[in-house]
Amino acid sequence: MPVRLFNTLTRQVEEFVPLDPAGKKVGLYCCGPTVYDFAHIGNIRTFVFADLTRRWLEFSGFSVQHVMNITDVEDKIIRKVRETGQSLGEFTGKYEAEFFSDLTTVNCLRPHQTPRATEHIPEIVALIARLLERGIAYKAADGSIYFSIEKYRGCGCKYGQLVNLNFDGMRVGERVASDEYEKESVADFALWKSRVPDDGDVFWPSPWGEGRPGWHIECSAMSMKALGESFDLHLGGEDLAFPHHEDEIAQSEGATGKPFVKHWMHGYHLLVEGKKMSKSLGNYFTLRDLLAKGFSGREVRFLLLSAHYREQFNFTLEGLAGAKTALARLDECVAKLKEIADSAAPIASPVSGFLVSNFKNALEEDLNVSKAWAAVFDWIRANNQALTPGGAHQLSPGEAAGLLAAWTEVDRVLGIGEPAQLEAPAELLALLEERQAARKAKDFKRSDAIRDELKAKGWIIEDTSKGPRLKKA
Ligand SMILES: [Zn+2]
């Protein structure tokens, strides 16, 4: 089954063909979080998009190596470390742990490798040394090392592969020290920043003196270490295309002389309540803000997956309420099918076949998720007709099992799962296990007390063929 995806390099949807001659292995790199704050909903959209892409590639038969870096040293982090008086590790460790917990909440598969920048200083230094050796990088008066756009272009390399840049206003040798800069600034950027007093304890030795890496070089070093000098697929939010990704290409191709990445994908911006998200407008949401409002990670995932990744999506609280209703319809249908199916062997039917084939056709078109969800809701409608008491066609246990199997198959990509498994907090699941142990020991007083405690917290125990599980009361 061909996988067709938009490639920012060629500006068109094209068949995705990995570099592996056997056409099987795929190296996927997605720029990870800068761990200086909680992830906001726009960040979460990027990671859900990366997760969908990975799951779709795996579903399509590829063997994916998913790498996501942790940026644990850059300008903003250093500023915060200075303000809080914590050590770099203390400060970033907290946000890194929170970030992984957020990924779990929205049911993203854990990347296979999550390298930290601070653990790759030797690789970063070696990469900068290669650029210096090739004459593409140079040392400035303060000891910092910069990437020379002019020298890079002089080697016949193209700067401006992902975005169209206007070089007319560029002044040769103009430099930008900051990790983040604007589109107009086609300027030499910092690879290694010489130590200054404001850096505090955050510095490493290098052949050019003490200092720290620039943000862009971190991703080049970590991605190439994990996936090789040329790899298949690089993802990120559209705001990273320039300068971050353009600089990643320049540093990597400048050092190796080989093409860096074959296929680039960028997820579009998110609006919240119709406006660009900002703390001052009050429309800035972290995932935990939404959980505090009573929404679940599953509902957030569903809403984020309802729009195409190259669509500017308007995220609203009303939309989240709609996600709750839509998922309730899905859950009700799945629950009824389970009741009928019991443990029967699945029998394929036209409805189960349509779900899987329509779903695949939709995702084949550059991950058209809205169309994929339409296939799921058509399936729910058809099932509900068959489930209506006294309807013309009543489902047999085997047919119901076949319909469920079709849902399970497409859910490998959607990752929506079942409500109870996703939503019950860990401490309640531990209580459920304790109740099982109490029952086994015939301590019914204790097991009843746990049941009542769970009920008081809004959860009931449902016995299923796979054992008991928690369901929202
Ligand atoms: Zn990056």
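This is a predicted model: local features need pLDDT of at least 70, side-chain atom pairs count only at pLDDT 80 or more; totals for chains, interfaces and linings use all residues.
**Exercise 1. The chain as a whole**

*Solution.* Start with the secondary structure, which comes to 16 helices and 16 strands. For the extents, the C-alpha trace spans about 80 × 50 × 45 Å along its principal axes. Then turn to the contacts: of those with a separation of 6 or more, 74% join residues 24 or more positions apart. Finally, 51% of the 473 residues count as buried.

**Exercise 2. Surface and charge**

Describe the accessible surface of the protein chain and find how far apart the mean positions of its positive and negative charges are.

*Solution.* The accessible surface comes to about 21,300 Å², and carbon and sulfur atoms hold 51% of that area. For the charges, take the 58 positive and the 66 negative ones: their mean positions are 3 Å apart.

**Exercise 3. Placing Lys 24**

Decide whether Lys 24 is buried, partly exposed or exposed, and list its contacts beyond its neighbours within four places in sequence.

*Solution.* First locate the residue: Lys 24 sits in the loop between strand E2 (12–15) and strand E3 (25–30). Its relative accessible area is 43%. With its neighbours within four places set aside, Lys 24 touches Pro 18, Gly 61, Phe 62 and Ser 63. As a distance check, its C-alpha atom is 28 Å from that of Tyr 268, a residue 244 positions away along the chain.

**Exercise 4. Two aromatic pairs**

Classify the ring pairs Trp 56–Phe 59 and Tyr 159–Phe 242.

*Solution.* A pair of aromatic rings is described by the distance of the centres and the angle of the planes. The whole structure holds 21 aromatic pairs. In one of them, Trp 56 and Phe 59 have centres 5.6 Å apart and planes at 20°, which makes the pair stacked. Both residues belong to helix H1 (residues 41–59), 3 residues apart, or about one turn of the helix. Trp 56 is buried at 1% relative accessibility, and Phe 59 is buried at 11%.

Now take the other pair: the centres of Tyr 159 and Phe 242 are 6.4 Å apart and the planes meet at 70°, so this pair is edge-to-face. The partners come from distant parts of the chain, 83 residues apart: Tyr 159 is in the loop between helix H5 (149–154) and strand E7 (175–176), while Phe 242 is in helix H7 (residues 241–256). Tyr 159 is buried at 2% relative accessibility, and Phe 242 is buried at 6%.

**Exercise 5. Backbone exceptions**

Find what sets the backbone apart at Phe 242–Pro 243, Asn 107 and Asp 342.

*Solution.* Begin with the background: most residues other than glycine have a negative phi, and most peptide bonds are trans. The bond from Phe 242 to Pro 243 is cis, with omega near 0°, and Pro 243 lies in helix H7. Asn 107 has a positive phi, near 60°; this residue is in the loop between helix H3 (88–105) and helix H4 (121–133) and is partly exposed at 23% relative accessibility. Asp 342 also has a positive phi, near 50°. Its place is the loop between helix H10 (317–341) and helix H11 (350–364). With a relative accessible area of 64%, Asp 342 is exposed.

Technical notes: Residues are numbered from 1 along each chain as its sequence is written. Side-chain values use heavy atoms; hydrogens and water are left out. Helices (H or I, at least four residues) and strands (E, at least two) are DSSP runs, numbered from the N terminus. Buried means under 20% relative accessible area, exposed over 50%, partly exposed in between (1.4 Å probe, protein chains only). Contact means heavy atoms within 4.5 Å. Accessible areas come from the Shrake-Rupley method with a 1.4 Å probe; for residues, only the protein chains shown count as cover. Lys and Arg count as positive and Asp and Glu as negative; His and the chain ends are not counted. The place of a charge is taken as NZ of Lys, CZ of Arg, CG of Asp or CD of Glu. Rings of Phe, Tyr and Trp (its six-membered ring) pair if their centres lie within 6.5 Å; planes under 30 degrees apart count as stacked, over 60 as edge-to-face and the rest as tilted.
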